[in-house]
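We will go stop by stop.

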Amino acid sequence: MFRRALWLSVLCGACWGCGGGSPPQPAVDPLCSGVAGTCTAFAAGTSEQDIQRALVAATPDSTFVFGEGTFSFQNALALVNVAGVTLQGAGRERTVLDFSGQVAGSEGLSAETTSRLRVRDLGLKDPKGDGIKVVGSSDVRFERVRVEWTSPNAAEHGAYGLYPVQCTRVLVQDSYVRGASDAGIYVGQSRDIVVRRNEATGNAVGIEIENSQRADVYENALHGNTGGLLLSSLPLLQVGNARQVRAYRNQIHDNNLANFAAGGNTAALVPAGTGVLVLAHADVELFDNTVSNHHSVAMAVLSYLLTGLELGEPAYDPYARGVYLHDNSFSGNGSAPDTATSLGQMLSPLRSHMPGKRTADVVTDGLVPPGASGANPLELCLGSATASFVNLHADAPDEHGLFTHFDTDVAPYACTRAALPEVSFEGL
């Protein structure tokens, strides 16, 4: 009788109680508290090998939570072909992924075809190459992320901090990037983009939108870089002819850092002391920005032809078309153009002929397609034209190759254009 009672007791225990009670639940790591779905927690001190194994085995809609503290890596982290992954920490200053000892990999974190990727509330320190690179993905979000290079040797800095390329529906917000040798925040060959409320400092370029379509860039703080904002359309890329970017309510100031970008990169062409450069881009609206204290130029709208580089493909359009600049605030710009770059060399001789011995707030090169007619064939519009302006007339250099035939007549450009539409997608 005793044996039978014992057997029934064991059986009932194996069935989680004869009274039909619920099975015991595994303990939830406090780091995963409140996280829906599959969650893996990494406390400070978790080995690189354990973290790597977990990411390699990631399943769709998984969350990986890094606790407060520093995590050291010798190799890049990678996610490939998995959807819905979230990487989150305890705060961009409190959770640090430290790659200062990295010996392998071109990025700190790379993700390819990882749609619905979320990276938030963590920081990356001193990755060997780019900070976070995401390729060929949709619905990509960076929120409250920090990427920073701390070495005084700029040759040890990676090119890009936050680097989504060939992506759709990209959101970069409330993040901080310092020290990138190309662009702190770069979005390239992508569509439907919002970059807002970020800070970029100490980079060759603060924010770059390249060969992309439909982007809103607003309420960012760009300072202490070589150039603040670069909007470009370049040849020989998989996605060409950029269109439709709005940049507004940005604070762009004191971007006078000596250019330390690697030669051959577009960023290397930017003179130290550039607020905004629009290069061969179409359908741009820049408004309500504050642009101040740039040694070379506040805003420049230029053709790719001015770089002197080969176009390389017949379908490429090298002209900036339909650029609308209005209601921006300018002060303290153009006092000492950077003659270490060809564009700065072009600007420098103008100062002696300009009011206050300063480069004009808005500079354009005057290059137009062959056979173009009219005073403003590329439809550059300056609204009420309260900003100072100069057309370099790079199409008519003097016998020494200098642009001494410049023109400050703003009348042909005192026009308006229809406002570009807001970029909107689910989840903003």
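A disulfide here is a pair of cysteine sulfur atoms within 2.5 Å. Keep in mind that this model is predicted.

**Stop one: the disulfides.** A search of the whole structure turns up two of them. Select C32 and C39. Their sulfur atoms sit 2.0 Å apart, forming a disulfide. The link of C32 and C39 is left-handed, with -80° about the S-S bond. Now colour by accessibility. C32 counts as buried because its relative accessibility is 8%, under the 20% cut-off. C39, at 21%, counts as partly exposed.

**Stop two: the other bond.** Select C381 and C415. A disulfide joins C381 to C415, S to S 2.1 Å. The link of C381 and C415 is left-handed too, with -100° about the S-S bond. This pair links distant parts of the chain, 34 residues apart. Find C381 in the loop between β29 (362–364) and β30 (389–391), and C415 in the segment after β30. C381 is buried, with a relative accessible area of 3%.

**Stop three: the largest nonpolar core.** Which members touch the most others in this core of 67 residues? Select L87 and L286: those are the two. Next, show strand β10 (residues 138–148), which supplies the largest share of this core, four residues. Zoom in on L87. Leaving out residues up to four places away in sequence, L87 touches L55, F64, F66, L79, L109, R118, V119, R120 and L122.

Methods: Residues numbered from 1 in each chain as written. Predicted model: local features only at pLDDT ≥ 70, side-chain atom pairs only at ≥ 80, totals over all residues. Heavy atoms only, no water. Core = buried A, V, L, I, M, F, W, Y, C linked by side-chain atoms within 4.5 Å. Buried < 20%, exposed > 50% of the residue type's maximum accessible area, 1.4 Å probe, protein only. Helix = DSSP H or I, 4+ residues; strand = E, 2+ residues; numbered from the N terminus. Contact = heavy atoms within 4.5 Å.
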